[in-house]
Every structure is written in structure tokens, then in C-alpha cells.
Amino acid sequence: MSAAKSEVVDPSTQTTGTLKIENTEKRDTLQATEKKYQKQWQDSKVFEANAPSCAEYPPDSISPEGLHSKKPKFFGTMAYPYVNGTPHLGHAFTITKIEFAARVARGQGKQVLYPQGYHCTGMPIKACADKLVREVADFSQSFENCPEEIEIDGDMTGADAPVPAPTQAQTKSDVTKFSNVKKGKAALKTVKTKYQFQVMLAIGVPREEIHKFADSDHWLRYFPQLWQKHLTEFGASVDWRRSFITTDRNPYYDSFVRWQMRKLKDLNRIRFGKRYTVYSPKDQQACLDHDRASGEGVNVQEYTALKCKVKTWSPVAEKELEGKLPAGASVYMVPATLRPETMYGQSNMFLSPKITYGVFKVTDTDYYFVTDRAARNMAFQGIFPKWGEFSKVASIKGSDVIGTLINAPLSQLGEIYIVPMDTIKEGKGTGVVTSVPSDSPDDFIMHRDLMKKPEFYNIKAEWVPKEILPLIETPSYGKLTAQFLVEKLKINSPKDAKQLAEAKDEAYKEGFYKGVMIYGEFSGKPVQEAKELVREALIKSGDAFAYAEPDGQVISRSGDECVAAHLDQWFLTYGAADEEWKDEVLAHVAGEDGQNFNSFTEETKHALQRTLQWMNQWAVSRQFGLGTRLPWDESQLVESLSDSTIYMAYYTVAHFLHSDIYGKTQGLGKIEPTQMTDETWEYIFGIGEEPKSDISKETLENMRREFTYWYPLDVRISGKDLINNHLIFFLYIHQAIWGKKAPQYLPKGIRMNGHAMLNGEKMSKSTGNFLTLDDAVAKFGADATRVALADGGDGVEDANFEETVANSTILKLYELRKWIEEVVFEARLLKQSETFTAVRDAEKIRNADIIQREGAKGFWDELFENEMNILVAETVQHYAATHYKSALKSGYYDFTSARDSYRVSTSSASLGMHHDCVRRYIELQSQMIAVIAPHWADYIWQEVLKKPSTVQTVPFPTVPLAIPALTAASSYIHSTSSSIGSAEGSQTKRVAKGKNVTYDPKKDKKLTIFVASSWPSWQQKYIDLVRDSLDGLSLDIKKVQPKIDKKDMKKAMPFVQALKRRLDNGERGEEVFERKLAFEEEKVLREMISGLKVTVTKLKEVEIVVVEDGKEGLPPAAAQAEPGSPSFEFVNV
């Protein structure tokens, strides 16, 4: 292999654009601790959770709800990954949302189940394995005979992105290369490779191992173990006993899916019949989301195809078609329309002069004029004589057909001319477009342009009718919707694409939802009703037929452009096929069924509701790939999205069934796969009676207890890309299985997150801006990586992993750990007769923080403890709300800042920190950060604080309520210190700019702080006036203004308006009017003096002057002081 070729597929080159770490000593120290605690957690099985036993709580003695009350639980999952590669930071971001949630639940004192399975169902693995079979045959087992160089393409990925089942993206360029292309800004870009073996090299598979992947089963053995390894090294708190792979390679999961399919069929949720589906002619099977290289989320769009018989060809077309059609043949132009109700107003037919069309044989006498693409779609819809064949008798340019006269069914004109339209797209519809200028803005603007400039378009003026027939009346736009909108939006040309798109959308919505027919057979009927009536009439008369196509390009994993096929198939009756089922799911999402569903954000709730409204029938089977056989038709496989809907229930009993992920070794229950009958599954899952089974009653009860205890699922974590399929199916199938019999087991919540960027840019192997989870943990360590991921964000918008954050976290965690070790292990406790300063100076102590007091606590100690209590309460609240970035701020960044302020304050006051406060800080800090940086926290908890067991299962601390006086004093200290610092900074800037200053900030100086003992009398006067003028809680300024003295007007009016704003904002009257401070301001300022002398440069003296109302002889600055808001001035000394 050439050097260039090796470099491209070398995984190390994919991170060349990321941060380089030079000195790794501190990181290595932290990583050694991480490995130690990961082993400890594994050995102690700390994350293995079991339901309360039936021996302790017999099933007939307590209900599941009662057991939840006695033993609160949390059960959360994320979409299991597709095992065609290893996790990258995009996966890691989603993983943190369930990982953090699980640790928070433990902190809340709950039993926690966080399992992890692996998805293997579908085409990707099989397609790639088959590629490797061919490549081994062509290039040898070591691929040295490959002659090709590798292409670089920034828009294409290698195997970097194993997709979480059932999908990870909207479109992919080549599924067998496992791209992870996201919509919009989240799109990932990687390295494009031509051969599958090159993809394997790019993801780090050793060359000598690659040939083994020609066996699809090898993928199932290789990647799941890497996922477990990488998640373990990340510190994920997973119960690994419950892991499994999908497909019939695991006979227990195979039995589970077969039961599910039979159950849904019995419930009439799976039916058989003809329906349109996206179909791959090459693969000869339906091509669903997970089977696609590109076009994920694209559905089938149904049209009404109109048969417009050619009456007279244009001279050029007649000559071009001479001898290619039999005598007497009928050729039909076939426009495809979504608005059959508007066909009464056809004025022309549009063709693109740039497109080459085809004439296709339907019968010996009938032919259709459409694009090749449309004909290919029709060939799989029973429109042409033979399935999959479309016989083309002639090709002709659209420009040659302009001027042809055709018959237009329903048109008041009867016969209309073909005219040009350049904006027609060959990839949508049939390429033939009927013009209805009354209701289509595109048609209206083109119609007007053709009338104005017939010579420019090389047509005859008489081909375009002057009058436009009104068809539909709407309340907003009258009888000519298109004209109204074109004029309103000032559209001047057919090239005004943006405005035309807006107008088209508005015209369709207004016409469909509010329009009434004013012409034709169904005049007087609402458009919503007339639309289908006109379609049925056209088809019944033979003037139209049903036609469908994918609403966008879809490329299968085999590289085939897919079509819409009308097939006999098994399908799930999502959407309009079963309105009752859809309404039940919508009610659950809306929280109308009493189950308190939590969508966490309004964006998620609205996205779920929108998708449920348009989601329609879904094919349940395919013929190619890996998976479970459809129980009643073994020639079919259950498709990969449909075997992944309720597997969360399987987690609850997986460890009873098998002790390895493949189901080769029996689990706790010593059960054979054949013993898992449908009746057994239903009993275990709380919807059936006790079955006749040779599984022991005790085992059955224990399995049922596992399910009834852990269910319902408390939260489903997912990237937002799964909103268009998996998350909807997850809700639908839970509703079908449990909705009527046991609605208490319906999902409790879905939490969606955005995608992840790296260093503010899309992840891309081609630019080197790419990190796998393994790369990140090796580079920064697990805890620093987790901190950076938590810092990335929590909403449904895309998040950002900043390597600088991860890198700086290494230093912060290391230094904080070192400080904690010193203040604990080297603590120098002051004796009763000793002072901080004396000990510090006499013993020449390097780190004065180790000098600590005992005994009674003082002002700064109480202030620090109060601030810690506030931050703990805030952090626990943020964690409960899944606001991890906010929790990181209050529970780590703000916590260390509070410590720093305490250190400076007590040191400046020559007191030193209080020993109990130091210990409490360390204990609380380790608990607050244990969710996000668990290894670091456990080290501090066990090895520094010498706690007997892990912090991972310790409940969050309960702290006293904040003391208002201390809270107010703390806020006062921060704001006053900030004001003094800002004033000092302002003077320094003025000096630097050569401006005049009242003192030189670089020289010794004195600070005078002016403290007001009372509010100015004039303010109290107007407070009393406002209080007397209040009408309830409202204040009419117009009534107050005449009562204000003219001499006070300038200062009194802003003051009164400020009081009104506070009242209008909902503050209580007593809070607004009784302006007493909760603390002694002068006392607090005196406590601050020593600290100010340390933090303000060259500050030698601090004087506090109490300002009393009416006191004279004070500098101007004194007049600005108010209670709680001191003023000050500096002078040089």
C-alpha cells in the first residue's frame, strides 16, 4: 500500500486537527486513579441492580406501585448502538445524558437500572461483509493487490459513525461506509474510501484481521466488546449483566421479537395488503430508513396522474416521432398533481425545454409521455404491463414539443397548448406540469410572463388564454389566491424562488383548510372534501390514475436509486391506518391519559406531536440482512426499526435468560429459549395469566417482579435524529402492548439532545477535527472528558465539545485534588494559645491553607457554610432538572470559587480556615461532582476522607435552608468588592490613556467607604406617597405625579417609576416599601477591610464613614451612598 494511501486510512491522521497535549504527567496521575476505581466498581458490582426480592416482598402482599413507594427506582436507557464501529464523541454526548441521569438517581436514593445492549439487525453489517467477500477474492486476504488510490471527499464518511439503532441521520452517501450525516449544522464529514477494507483500516482494524469481517457474525463478536470496553473506560455505570445483541444469533431475543410480532398481528396492528413503499429494484425488497445510504426519512408521496391525450403534435415533435408510433396510437401527457380539485382551471401544460422525455408503451395503442425516472417508478406500480419493465419507444426533447395541443380533462377550455417552463425539475413528479394560474403562484407568474413576452419564449400569443378562471374562494385571499399572493409578496419573475416557495405554501394551506369550491361539479363543497371526490371521479372515468414516488432521492446500501412500489406486504398500521391508535399515543404524549409523560422540553413535545400527525404505515419486513424471521413467513425478516421498539422490557429479564450477550450460556433462571413461549412473555410483562410452563414458579415470579418493578421506563435518551422513526415507534408499540391492559407501564419520558460538534466545528476525519470516545479518554482522561461533555450543553440544539475545556479540567482537577490532600493530610491545627500569623511565620509553612482553626465559628465560616448550602441546593435542583451544565457550574465552578473566597477572606483576616468548614467543603465537593467526575470524587471520598465505601451510592446531602441575613451579606460583599475593583480598574485605564485622574492607582492609597445609616428623607417621603396611592397592587403614575414637589421632580419621578416597576413585576408591597437590610452593613464592611487590603493594589488604609441624613462637610461621593449600596473614594497617601 502506498504511503499516501496508508496515511488516509491511518486512524491517527483523523485527529491531526485536534489539540495536542504536551505534558501528560497530571493526566496520567488522574487516569491511573480512574482505572483503579473502574476495577473497584466492577469487582464490587456496585452498578448491578436487582428488583426487591419476592421473598422480602411477596407478590400478593404489595402492588408494583406500593413497592415503588417503598423502594423508589429509576430505569433509563439510550438507543442502543449499531455495532459497525466504535463510539465517537457524538455518541458520548448522548451517553452522558443517561449516564448522568443514572448517577443523579442514585444520589436521590433510588434503585437504578442503566443497561446497554447492541443492535445488529438490518442490512449494514451484511452488506459490508458481502463487500469484503468480493474484495478478499479480488485483492487477496491481505488486500495487497488493490491497485486503487483512496479518494478524499470531505462530504463522505468512513466507518466512524456506528449509528444508534435504528438510525443516526437523515442521509448517508454510502451506507456500507457507515456515514453519520446529520441534518444541517450537525452534519459530520469524514474520509471517503472506495473499498470496504479501507474503511476497516480507517477505524483501526488491523489489516491482518480485516478478512474475518467477511463473515457477518464476526462483526457481532468484535464491536460489542469494544463498546463495552470504551464505555467502561469512560466510567459508565452500566449493569453489564443485562447486555445482549439482537437478531436470531441470540435465540432468547429472537423469541422475544417473534412474540412481539405475533402479538401485534393478533391485535390487528400488523396487516397485509397493497401499499406504496420505498423499494430497491436491485435488492428486490422494501428499502426502509435503516437500509438506506441516503434519503433517510424520505417517504412516499402519492399523486393523481392525469391522462392528457395529444390532439396535435408540434411540427418538430411530429417529425421526430414519425415511424416510432403505430398508426392510431394515443399518446398521453401525464402530469402528476397534488391538487386534483384545481384541474377545472387548467390553462396550459408546461414542459421543460431542457429535459429529454420518453414515450413509453402501456398497451398496443396507448403510450405515456413522462421522464425516464417517472416511468421507472410506474413500472413497479402495476401501471405498465410487466412488473419492473418500462418499454421506451422514443426519446424527445421538451423544447421540440412546445406548441403541441392536448386534451385536458375537466378543463373548461377542453384543449390547451404545451408551453415552456425552465424551472421544472426532472427529479420530481413526471416532468409534465399542468398550469392552474388561479391557485398556483408559480403558474400565475409564469402565465403572466408568457403573456407579456411570447416572442422571448418562442411561442404564439394565442396559446396562452387571457382569462383566468376562479375556482376556489378563501377568506383571506378571495377568488384568485395566486394573483393576490404574487402581488402581496411583490413577486416579479419566475426566478423569485424564495418568495414563490412562500407563496406556494401559503396558497396551499389557505386553499386546503379554508377554501370552498366555486366552480365545477362539487361547487359549494369545502376543498378538503372536494379534493378526494374529484380524484375519485377522474380515476373512475379513466382520465387519471394513482401514481407515487419517493419524496426525495433515496439510495439503497447496494447503491440503487429507489422507487415507490405498490406491493403486497406486511405493515404496521401507524398513522391514518389506525386513527384510534394514533390518538391514544398523542394523548399519552400530551399527558392526557394520567400517566404524566415528560418530554423535558417544549421542542421535544411539539416534535413528537408533529411527527405523530404525519407518520404513516410502515413496512415491517425485508428479505435481506440480519435479524429475526417473521413468524408466519420465514422468507421475511423483521426490519431493523421494528425489532427495536420495546427492547427496554427485555433488559429487565435479560440476566435471567442468558449470561453472555449472545444467549449461548443460560442466565440466572436456567431457561432454554424454547421455554419462552408467548404466554410466558405475557405473564412476565404483566399482561397475562400465569402460564403452564416447566419454568419454576419461583423463577417466573422473580422475572415478573423484575419487570413490574423496573417498568415503566422513566426516560428514553436519544439524539434528535430519531424523532422521525424510532421514538415514534417506541411510543406506538408500548401503547399497543400495554396501553389498554396495563397503561401504568407506558413510557414516562423522552429526553432528546442535540448533536455534538468538536471545537465549534463539525466533526470531520478529512480535516482531522475528529475524536472517538476512546481517543478522548486516552487524551484527556475519563473525568475531564465527561466535564467537557457536560459543559457542552443540555438542550436540543447542537452542543460543542471544547478540547480546551477538557485540557484545562485536567489541571483543575489535579490541583484541587492536590490541595485537598495537603489540607487534610498536612493539616496544622491551631492550639488555643496560637494564632494563624504566628504559626505561619514561625514555622515557615509554604501552604498557609493547612493552618486551620477549631472551636467556635466566626463570620467568614458562617458565610462560607451558608454559601455551600445554597450551592448544594442549587446543584441538586439542576441535576433533577437534567440541567447538567448548570449543575457543573454551581456544583464545581461556583463551589471552588466559594472556597477560594473563603480562603482569601480568612487568610487576609489572619484567621485561617476552620477545620470543620474545610472537611465539609471537601465532602460536599466530592458529592456534588460525583455525577460528572465520579473517579475523582471516589478518590477524594475513599482515599482522602477515608470513607468506608464508594461515593457512587451515597445520597445527595440534605442541607439546612439558607439564612437570609448571611445570603444578603454575601451578595453585598460580592457586589461591593466588584464595584471597588471596577473603580480601580477604570482609573488604571484612564492613566494608561493619559487622561486626568483624581489619584494614581499605582501608588499607595487610602480607601474611604461611605455607609448610609438611613434612606434619604425625600425617598421615604415618596415611598409613603406611593403606598398611600396604591389601588390594590397597581399604581397610577398620573395620580401620583401632581403630588410630587416640583423641586424634587427630577429625582423623585425616576424613583417612583422604579417602585412601580417592582410592583408590576410581582414583588410584594412589604418587600418594596420596607427597605430594611437583613444584616449590619457597617459590621460587614469592617470584616471586609483585611481582604480589601490584599486584593486592591497599594491599598494601605481603609476608613469607614457613616453618613447620616443632613450631615454636612462630607465629600460629594458621600451623597451617593444608600443603605446596602455604599459609595467610596480613593486618595493617595
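Me: Where does arginine 1075 lie?
Reply: In this predicted model, arginine 1075 sits in the loop between helix 35 (1069-1073) and helix 36 (1081-1095).

Me: Is arginine 1075 buried or exposed?
Reply: Buried. Its relative accessibility is 15%, and the cut-off for buried is under 20%.

Me: How far is arginine 1075 from glutamine 1020?
Reply: In sequence, they are 55 residues apart. In space, the distance is 9.7 Å, C-alpha to C-alpha.

Me: What about the end of the numbering, where is valine 1133?
Reply: Valine 1133 lies in the segment after strand 35 (1127-1132). Valine 1133 is exposed, because its relative accessible area is 52% and exposed means over 50%.

Me: And how far is valine 1133 from glutamate 1101?
Reply: The C-alpha atoms of valine 1133 and glutamate 1101 are 8.7 Å apart. Along the sequence, 32 residues separate the two.

Me: Let's step back. How many helices and strands does the chain have?
Reply: The chain has 36 helices and 35 strands.

Me: What box do the C-alpha atoms fill?
Reply: Roughly 120 × 85 × 70 Å, taken along the principal axes.

Me: And what share of the chain is buried?
Reply: Buried residues make up 57% of the 1133 residues.

Me: Which residues does UniProt list for a domain?
Reply: An unreviewed UniProt entry lists residues 69-132 and 218-801 under "domain: Aminoacyl-tRNA synthetase class Ia".

Me: What does the chain look like over residues 69-132?
Reply: That stretch is 47% helix and 14% strand. The C-alpha atoms at its ends are 54 Å apart.

Me: New topic: salt bridges. How many are there?
Reply: The count is 63 salt bridges. Side chains of opposite charge can pair when their charged atoms come close.

Me: Which residue does arginine 249 pair with?
Reply: Arginine 249 forms a salt bridge with aspartate 248. The closest N and O atoms are 3.1 Å apart.

Me: How accessible are arginine 249 and aspartate 248?
Reply: Arginine 249 is partly exposed, with a relative accessible area of 32%. Aspartate 248 is also partly exposed, at 31%.

Me: What does arginine 828 meet in a salt bridge?
Reply: Glutamate 834, with an N to O distance of 2.8 Å. Arginine 828 counts as buried at 17% relative accessibility. Glutamate 834 counts as partly exposed at 25%.

Me: What about aspartate 861 and arginine 853: buried or exposed?
Reply: Both are buried. Aspartate 861 and arginine 853 also form a salt bridge, with the closest N and O atoms 2.7 Å apart.

Me: Which residues are linked in a network of salt bridges?
Reply: Glu48, Asp239, Arg241, Arg242 and Glu706 are linked that way.

Me: Which residues gather in a patch of positive charge?
Reply: Lys989, Arg990, Lys993 and Lys995 form that patch on the surface.

Me: Where is lysine 995 found?
Reply: Lysine 995 is in the loop between helix 31 (964-992) and strand 33 (1005-1012). At 45% relative accessibility, lysine 995 counts as partly exposed.

Me: Now the backbone. Which peptide bond is cis?
Reply: The bond from tyrosine 711 to proline 712 is cis, with omega near 5 degrees. Proline 712 lies in the loop between helix 21 (697-710) and strand 26 (715-719).

Me: What's the phi of lysine 844?
Reply: It is near 50 degrees, a positive value in a residue other than glycine. Most residues other than glycine have a negative phi, and most peptide bonds are trans.

Me: Where does lysine 844 lie?
Reply: In the loop between helix 26 (836-843) and strand 31 (851-853). Lysine 844 counts as exposed, at 75% relative accessibility.

Me: And what is the phi of serine 910?
Reply: Serine 910 has a positive phi of about 55 degrees, although it is not a glycine. Serine 910 is in the loop between helix 28 (884-908) and strand 32 (913-914). Serine 910 is partly exposed, with a relative accessible area of 34%.

Note on methods. Residues are numbered from 1 along each chain as its sequence is written. This is a predicted model: local features need pLDDT of at least 70, side-chain atom pairs count only at pLDDT 80 or more; totals for chains, interfaces and linings use all residues. Side-chain values use heavy atoms; hydrogens and water are left out. Patches are made of residues with over 30% relative accessible area and no salt bridge: like charges are joined within 9 Å, nonpolar side chains (Val, Leu, Ile, Met, Phe, Trp, Tyr) within 5 Å. Accessible areas come from the Shrake-Rupley method with a 1.4 Å probe; for residues, only the protein chains shown count as cover. A salt bridge is a side-chain nitrogen of Lys or Arg within 4 Å of a carboxyl oxygen of Asp or Glu. Lys and Arg count as positive and Asp and Glu as negative; His and the chain ends are not counted. The place of a charge is taken as NZ of Lys, CZ of Arg, CG of Asp or CD of Glu. Helices (H or I, at least four residues) and strands (E, at least two) are DSSP runs, numbered from the N terminus. Buried means under 20% relative accessible area, exposed over 50%, partly exposed in between (1.4 Å probe, protein chains only). UniProt positions are given in the numbering used here, feature names are shortened, and annotations may be inferred rather than shown by experiment.
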